[in-house]
Amino acid sequence: MHINMTEAGCKADGITDDTAAIKRVLESLNDGACMYFPAGQYIVTEPLSIAANHIVICGQPNASCILYKKHQTEERRQSLMNFASGIHDVTVRDIKMSYEGYMFPDQGQSYDGRISGLSFCQCDRVKITNVEACGFNANGIEVITGNPQKYAHDFTVSGCYLHHNRVGGFVYGYVDGVLLTESVMEYNGSELDGGTGYGSAGAAGELPINVQIIGNRANYNYRKGIDLHAGMSAVISGNICHANRLYGIYAEGAKTGNMIISNNIISGMNRKNTGCNMPYNWITGISVGPYSDKPEDGEHFNFTIDSNMIVGFGLEEQYSQAIHCYHSQKKGSIKITDNILRLGRVTAVIDCDSRLTPEENELRDVLFSISGNQVSAEESTETPFEITNYKCFSFTDNQIDIDKVGSKHILSLSGCSKSGCQVSGNTVRTEKGVRLVSDLTGTNIIQKDNIIF
């Protein structure tokens with residue numbers, strides 16, 4: 001069934017409230033229907049609920065807009081379009097959605113907004129294409145079930161423009177199968193608040209799995225370009241993350257692992273300071289790792305950071321690191337290979353911390369390698385490569401050029417006194433008197449074929 005919304009009673013004149021006409025259609029909507037919004041601006045003042053399967057909601061590309069004028073009066077979510085739990089096979093395409101209302105801009109108000117553009121619960125097989133969602137005081141698009149027993153499945157967001165939303169462009173939680181591709185996500189968050197503002201985000205309190213974030217642009221977001229604060233089995237590849245305030249790509253959390261982060265460009269983060277109030281006084285290009293004080297037995301957490309480019313990065317006054325890793329779990333691997341890093345003043349180039357004591361670390365099985373990277377930096381105020389409490393580590397075939405170093409060595413292996421470590425084939429140019437490796441008496445370390453000048 002094809003339903004033309006202007007023929008169904010909508011005026012689409014940007015003045016008349018079309019809420020009642022749209023709701024009449026939704027109340028009798030059958031499975032398999034197509035709701036078509038011809039060119040025009042549709043005013044909506046109350047939340048819309050959708051409960052049918054195999055439906056299409058679409059407009060005329062670049063000409064159909066729904067303007068949501070809703071004053072937030074309750075704590076519960078009051079999003080523009082709310083899709084019922086359990087429905088499946090939904091397509092939304094070729095339409096713009098925007099919000100006119102209070103944005104909760106101040107620090108500490110990050111999650112006070114309850115109004116998103118498209119809000120899904122436990123829904124399956126959803127495709128969102130060529131949708132613009134902007135100005136909502138929560139998220140442009142969200143998939144939040146709140147229940148680990150009720151995963152949503154197979155969400156595709158492609159070719160969308162998600163911008164100027166208070167929390168994030170696309171935020172998702174318990175979802176099995178996410179494809180975010182060819183979308184632009186920018187200016188999400190608030191300039192007054194460093195606590196939120198994501199191009200896209202895997203929700204920290206939930207656990208998305210089987211995630212692909214490929215070929216997007218995430219620019220000028222007020223916290224992170226691409227965030228996977230929780231998530232397992234993910235590929236983040238071919239994205240451009242420019243001028244995000246605190247992080248380019250963030251894939252770190254209590255339950256985060258099995259990630260490939262490759263062929264991304266992170267740029268435009270070289271400035272005097274973050275411009276945020278405390279405690280937001282740091283920036284990171286790529287941050288990964290399972291962060292937990294209670295490591296779990298039997299699970300492998302693996303990370304590959306390969307062939308990325310981090311350029312135009314650094315802070316004149318505050319803390320900055322191009323790549324940061326936590327790995328508090330007992331098994332897994334970290335590979336940082338073939339990246340190009342062109343940096344200004346940074347605190348560290350690569351900073352990795354297992355968050356365990358040396359004694360606890362000896363019981364772990366985590367392999368860690370840094371190899372084939374090209375690094376150029378104006379200054380590293382502390383040790384450029386800080387590796388703490390890893391059992392088996394290799395640092396090979398890197399090309400490093402750092403004008404000024406705030407320590408007496410390039411690489412520190414603190415807490416690795418009983419480790420098996422290899423440092424070989426590296427070429428380093430830096431200040432006179434700076435050693436390649438810190439003095440580690442008694443460490444089982446192999447050094448060969450390194451050049452430092």
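Tutor: Let us begin with helix α1, which spans residues 19–27 and has Thr19, Ala21, Ile22, Val25 and Leu26 as its buried residues. Here, buried means under 20% relative accessible area, exposed means over 50%, and partly exposed is in between, with a 1.4 Å probe and protein chains only. Helices (H or I, at least four residues) and strands (E, at least two) are DSSP runs, numbered from the N terminus. This is a predicted model, in which local features need pLDDT of at least 70 and side-chain atom pairs count only at pLDDT 80 or more, while totals for chains, interfaces and linings use all residues. Residues are numbered from 1 along each chain as its sequence is written, and side-chain values use heavy atoms, with hydrogens and water left out.

What do the buried residues of α1 pack against? Their partners are the strands β1 (2–4), β2 (13–17), β3 (34–37), β4 (40–44) and β5 (48–50), where a contact means heavy atoms within 4.5 Å.

Now step back to the whole chain, which has two helices and 45 strands. Its radius of gyration is 24 Å, close to the 22 Å that the globule rule gives for 453 residues, so the chain is as compact as a globular protein of that length. That radius is taken over C-alpha atoms, and the rule is 2.2 Å times the number of residues to the power 0.38. Of the 453 residues, 57% are buried. Among contacts with a separation of 6 or more, 77% come from residues 24 or more positions apart.

Salt bridges give us examples of such links. A salt bridge is a side-chain nitrogen of Lys or Arg within 4 Å of a carboxyl oxygen of Asp or Glu, and the whole structure holds 12 of them. One joins Glu100 to Lys69, with the closest N and O atoms 3.9 Å apart. Glu100 sits in the loop between β9 (88–99) and β10 (118–120), and Lys69 in the loop between β7 (64–68) and β8 (81–83), so this pair links distant parts of the chain, 31 residues apart. Both ends are partly exposed: Glu100 has a relative accessible area of 47%, and Lys69 has 35%.

Another salt bridge brings Glu142 and Arg77 together at 3.1 Å, N to O. Glu142 belongs to strand β12 (residues 139–143) and Arg77 to the loop between β7 and β8, 65 residues apart. Glu142 is buried at 1% relative accessible area, whereas Arg77 is partly exposed at 40%.

Arg166 lies in the loop between β14 (161–163) and β15 (168–172), and Asp193 in the loop between β17 (184–186) and β18 (198–202), so the pair ties together parts 27 residues apart in sequence. Arg166 is buried, at 1%, and Asp193 is buried, at 1%. Salt bridges that share partners also join Asp401, Asp403 and Arg429 into one network.

Finally, look at the backbone. Most residues other than glycine have a negative phi, and most peptide bonds are trans. Yet the peptide bond from Met278 to Pro279 is cis, with omega near 10°, and Pro279 is in the loop between β27 (269–271) and β28 (282–290). Tyr220 has a positive phi, near 60°, and is partly exposed at 33% relative accessibility.
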